[in-house]
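Thank you all for coming.

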Amino acid sequence: MLQVLLVDDEPFILQGLAMLIDWEKEGFTLAGTAANGLEAIAFLEKTQVDLIIADIKMPAMTGIELLEKIRTEHISDAYFIILSGYSDFGFAQRAIELGVTRYLTKPTKRRELLGVLEEI
């Protein structure tokens, strides 16, 4: 099973993502959650994951900053999905430059996320 890390500063979003998908049925295990990019980095230093799903706007370290740090410091080569409440092209463009797997806008639909998981 592929290991997943969920990163969002809003607890109800983390809970919603955990419940939105039958992760095990789709071949994934929820390895953990983090409330911001700094927590995610600390988690990744101890645990290897295959997929990171992160919010774009978080305190301490944004999803884009998290992706950049992970890629430039070779912390993880996991697939990376950005969730954003913003349809700002600049955010999407920067995420693409950093090698994001997919950029999804909130609210994320179950069908849309399942499609991305199937691709992974």
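Predicted model: local features only at pLDDT ≥ 70, side-chain atom pairs only at ≥ 80, totals over all residues.

Let me start with charge: the protein carries 11 positive and 19 negative side chains, and the centres of the two sets lie 4 Å apart. Here Lys and Arg count as positive and Asp and Glu as negative, with His and the chain ends not counted, and each charge is placed at NZ of Lys, CZ of Arg, CG of Asp or CD of Glu.

Residues are numbered from 1 along each chain as its sequence is written, and side-chain values use heavy atoms, with hydrogens and water left out.

From the N terminus, the elements run β-α-β-α-β-α-β-α-β-α, where helices (H or I, at least four residues) and strands (E, at least two) are DSSP runs.

What about the interior? Of the 120 residues, 43% count as buried, meaning under 20% relative accessible area with a 1.4 Å probe, protein chains only. A nonpolar core is a set of buried Ala, Val, Leu, Ile, Met, Phe, Trp, Tyr and Cys residues joined through side-chain atoms within 4.5 Å. The largest one has 26 residues, and those touching the most other members are L5, V7, I52, L66, I70, F80 and I82. Among the elements giving it two or more residues are strand 1 (2–7) and helix 3 (63–72). Apart from it lies another core, of 17 residues, including L14 and F28.

Leaving out residues up to four places away in sequence, I70 touches I41, L44, I52, I75, S76 and F80, a contact being heavy atoms within 4.5 Å.

Note on methods:
Buried < 20%, exposed > 50% of the residue type's maximum accessible area, 1.4 Å probe, protein only.
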